[in-house]
Structure formats: structure tokens, C-alpha cells
Amino acid sequence: MPHMSDHSFSVSREQVADAYLKVIRLIDDRVTPFLGKVTTRVLVQGAARKVMSTYPFLHFLVKMPYTDVTPAFMHEQFSGVTPTELAAGLDALLQECFAGLKELTGDLIAPPIYDEVTRQLEQLQ
Amino acid sequence: MESSVQSEIKLAESAFRSSHAQNGDRLAAIRKEMEYLNTIGKSFVAAIDRFQVHRALLAALQELYSFAACSILLRGDPYELFINELFIIPCYPLSEAFFQAMVQRIASAARVMNIPIVSAEELAITSYLDAPDELSYAPEQHMVGATEIGACLNIPLTVEDRIVGMLSLFDERAGTFDTDLLKLTTMIADYAAVALENVRLRERETALWRQAESDRKRLELIISSMAEGLLITNEQGTITSLNYSAQHLLAQAEVDLKQDIPLRQLAPASNVYWLYKLAEIIDQALAGQTVMNQELIAGESGETIPLTLSISAAPLHDDSQAQVRPVGVVAVLNDITANKQIEKLKDEFVSVVSHELRTPLTAIKGYTQHLVRRIERRLRKVQQRQPEKSSTPAASELPELLDLRSLYIVQSQAEHLERLVNDLLDLSRVQLGNLRLQFESFPLVDILAACVRSAQTSAELHTISLDIQAMDTQIVADKNRISQIVGNILDNAVKYSPQGGQVTVRLEEREDDYFVSIVDEGIGINSEYLDHIFERFYRVRNIASRQYAGIGLGLYVTKAIIEGHGGQIWVSNNEGLGCTFSFTLPRTPRTS
């Protein structure tokens, strides 16, 4: 998966956060018909728990469903984090989400969604 | 040869038939799917326990796939101390290694689903194997050889946006599960989740019902075993429940008290006079008042000590309607006949002893008086002779003078003893209803003034004043008894203000009666004792009162005398120091 910060040192923290929020919503849209609307929310929470030791600024996603996060709140949580670090953290979160999805359904639905997410991230760069 | 038009028509007909056939196939597929969902929906709805849900689930999944086993992991809820439950439902016998691998995968997927899992090992220990009956009856079936999982599918079980658990499907072959059937599998999982939640709620409801039933039986047992009688009424005042003791205590009424008739209607229909009082107590409680320790004589009036009950009743309020009218009354009945017997014996004893004491006391007082007068006479003679014979000892050195002092002490103590005996005699009179009052007309102010003068002579540290705010103070009352009660309250005011201070006796005139208040600046009365101060033999128990003499009868007798006149007495603490005793006296006695 292309890491947003790899080629986009000029991208702002807000842009990074919004881009990843968009792809998480995309995952949710794709997963919901197969596994219900709660699954992605729980996948993100589980993924946040796994990466929070490396990326403590993502801790709030453990307690709070991502669907309840407003852009203003998210930007407040990410204040002081560099765009590169934020992109790395959100990328790790995304990887864990896909790992979780694979744990649940194997290769039934994860690969096409992964490809779609990769394409979208590339477009957003 | 067909024309181009004909061939076009044929082509169009063929396309129409093909399109029609496709739609028909699609409709048939939808119909089949709906029939399938309808069938499994019915089997889930019909399931009344979790094992029936498992059977329905297995049957539904086996319609879609051929697989080795499925499992249901249920997230522990607060009522079950958050302990998860795992049920493994095999389609055929599984190897131990396959089973272990399943548990590992379940634990791993549960972490993804945010279901707290301690470890796969612990999950394996607490798991249940719910094998279909046909597997149990076919032990000759060989165990599956595979030890590794080829395909696995985990689907969250959700109810109203809550993940209540997880459905997992396993097979030894790879590629068993496919994307096309995933939505249908999730639909089955949703059915199972709702059915399991219903089972959980039903189990919880049953457990709560059993607990409530057990509590009810326990309460029933406690109530029926109580030595005290317990009576419960509804909001109309009809007795709805009587425990064994209450039935026994109220048996003298010889009336069926549980007739579905309010007590106030039942009382006039019976000859039992005390039912009126019982109905009155219940009505008071129904009006929201808590009635404490009301005595009710339920025995025959001719008996020496009739059956006497003490009744306390309190309103029963519905939890949701605490502020409105009570939904009933709960009353506790105690048999206090034995206490009454003891009290009667005590009263008789006090009466006999005080009468017996009075006779020697009269003799002691009389002879002491006689001796005092004789010595006083002798001393006067000595004093008269002294100027003539200077060799005789001075009057102040005479042994008779010492005798006289001793006799004064005897006299004073005998008077004190007489007051105590009089109090005891008054007590007996009050108890036996023989407190006779001699009414006469006199100005109340005269008695108050005399009492103030008398109290002032023995109270050097105090200033006792009289404040009259009445024009006419003429009253018809028992002069001696009024003097006794005012003297008694003044004695207390002086006694309980050891540092001295002001004592004011105030007389005010009202429409039909006089209002007398005696205000002191003493130690006051602890508020918890205020309700008991007029009880017989009651003495305020505090460190300060230990130094004060008395047997706790004065105020009891005082109250009886005032009530004998038709008045009332009460006490209250002052804002600053001391307390105020107040009483009313009607201009003419209001005696019953």
C-alpha cells in the first residue's frame, strides 16, 4: 500500500487525516454488505489497540468508534504530530484493519477492497 | 426460405423467450432464497433454548456449505461476570489437533472483534462441545484425519449494533466458503444472534423470576414465623394479609377480618369495641401518618389484666408513587399484656410501699418537731439565765445546740422523703385513675406569686420574676395541685441551672384559657429526650444530670394534673440557653 508521506512531504496533517478517514469509510462501505455495519467500527478499534503503543496519538480510536469522530476533534487529537508520522500511524492502522479482515474472512473480501483502497490513496496523493 | 422480416420476428421472439426465461430463473432463485430464509427464520423463532438455536444454525449452514464444524462464541455480559462462552458444533467427529487449531483461530478472531479473551488454552477449557445427536449415536464413525484448518470464516453476531458474539465456520479443505454465499451466511448469523439474545433474555427472566419467587417464599416464611403480629391492608383499609401471630392476637374479635370489607365498615357491624380503634389507626396510616405504639385493649374488660396490644402502623407507598396516597398499610402488633401485668404489680407495690412509708414518716416528723421545740425552749431558758451566771458556758457552746442542728437535718430530710412519698402516692393515684382534684375559684396570679416567693427563698443564685400579661386571672382549679405543679417546674428550673440566672414565670390570657410559661437559662434538654420527659421514672441520661437528685416522677404527675384540668403541657429548648416549660389551663376545668 502506498504510504502517503512517501511522496508528499508537502501534504498537510489535515489532508493526511482526511485521506485516511475517507479510505476507512470506503472499507466500511465495502464490508457492511457482507459482515454488517458494526464490523469495520470494531476492526478500527481493534487495530488502534494494536498500534497505539507505537503511535500513541491514535489511542482515542480505541475508546471511540471512528464513526463518532468529527474532523475538528480528530485534528485536535493530531495536533503536534508531523504529517509523516501521522501517515505512518494511519497506514499501520489500515494494515491492521486488513489483517483483521483477513483473520475474519480470509481472502473472500479483503483483496479487492485492499486494491481499491490502494488506488484511492494513490489518487489522493 | 424465410424472409428477412420473418427471421427478424423469430429473432425477436427468441430474444423475448430468452429474456423471459432469464427473468423466470431469477424469480425462481429469489423465491427459493425466500423460502430458504423463511424456513430457517421459523426454526430460529421456534428455538426456546440455545441448543435448539445451534441445531437450527447447523441445519441452515449445511444447506449452504459442506464443512467440518462451526462454533458460537458469546461475549460475557455483566450479569455473568463477563465470562465468554464457546460452543463448538461439529458436523462430524473431529481430531483433537483440529479442535485445538479451531480454538486458536477463534481466539485470534475474537481479538479482532474486540471480544476480551484471556487465552486460547482457557477458552478451550471452558468450551462446550454441542455435537448433534446423530454423532453421539454413531460412535463407529471414523474421526476426521485432518489436523489443520483449510478454510475458516468468522462473522460477528450483532444485535442492535452490539456485537454479542461471533459465528465461526471451519473446514479441512481450502476454498469451502465463497463470497457469493457470504451475505447469506451473515443473514443466518443475524438470525442466530437474535435467537440467542432472546434465549439469553428468557434465561435471565427465568433466573430473575426464580430469584423473586425464592425471595417471596423466604419473606413469607419470615413473616409467618414472626412472634409479632403483622397485618397488611390495601388502600381501602381492607385487611389483605395477616400472619399467624396476628390471627392469634386478633382471634378475640371472633370476626372474620379478611372479608374483603374495609375495617372502618367492619367495625360497626361487630360487637367488638376495639375494632373501632384498630380501624382508626389504619385510617391514620392511610392518611400518610406513621402511628407508633398505640395501645389497644383487645381482651374482656372484666379481666384483671385484659389482652393488651401495642400497634404501630405505617403507610405503604408504591415505589413510583411515593408522594401520593398510600397503597396500603403495614401494621405490627405486639402482645404487651405481660408488661401490663408487671406494671400493675409495680404500681401496686409502689402504692403499698408509699402508704406504709407515710405512717412512720409522720411519726418521725411529729417526734422530730416535738424534740426541736423542747430543745428550743431549753435553749431560750439558758439564754435568759446567762447574764445572771457568767460561769455557765455560752449558749453557742451548749450540746443542745448541736442536737438542734442534727434535728433540723432530720427534719429537712424527712420533708424531702415526704415529698418523694407524696410523688409516689400521686403516681399511684394517676395510675389507678384516682387523682381527685378539688376545684375552687381563685386568682391564678396569687398562686404564681406565692410559688415564685417560695422558690426564691431557696435560690440565692437565681432571680425569679413574674411577668403577668393578663387583666383577669380568676380561675376554677385545684389550688394546691396548681401550686404543686408550678413549684415543681420552678424547682427543676433552679436545679438544672446550677450557674444561676434568670427564671421568668409568664402568665398570658387567651380566649378560654391561661397560658403559663416558665423560662430558664439552665442546661436545657437534649432534643432526643424531649418526647420522653413527661414519662414516669424518666430521667434524662447525660453526664450533667447525674449530680441532680430526683426519681423522675414530678413531670409525670405534673402532666397528669394539667390534663386533669383539661390543659396541655410541653417543653421546648430556648434559642440560646435553657428551656421553656409551657402549659395551658382552662378558666373552668374541661374534664372528661
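User: What should I know before reading the model?

Analyst: Residues are numbered from 1 along each chain as its sequence is written, while chains are lettered from A and ligands numbered from 1 in the order in which they are written. As the model is predicted, local features need pLDDT of at least 70 and side-chain atom pairs count only at pLDDT 80 or more, but totals for chains, interfaces and linings use all residues.

User: In what order do the five strands of the open sheet in chain B stand?

Analyst: Strands (E, at least two residues) and helices (H or I, at least four) are DSSP runs, numbered from the N terminus. Two strands pair if DSSP finds at least two bridges between them. Here the order is E7-E6-E10-E9-E8 in chain B, with antiparallel pairing. Strands E7 (239-242) and E8 (291-297) of chain B are the edges, each pairing on one side only.

User: How many bridges join E6 to E7 in chain B?

Analyst: Three bridges link E6(B), residues 229-234, to E7(B). Leu231(B) stands opposite Leu242(B) of E7(B).

User: Which helix packs on this sheet?

Analyst: Contact means that C-beta atoms, placed from the backbone, lie within 7 Å. Helix H9 (274-286) of chain B touches E6, E8, E9 and E10 of chain B.

User: How many residues does each chain bring to the contact between A and B?

Analyst: Chain B gives 20 residues and chain A gives 17 residues. On the side of chain B, E4(B) supplies the largest share, seven residues.

Technical notes. Contact = placed C-beta atoms within 7 Å. Axes fitted to C-alpha atoms, helices over the stretch in contact; angles between N-to-C directions.
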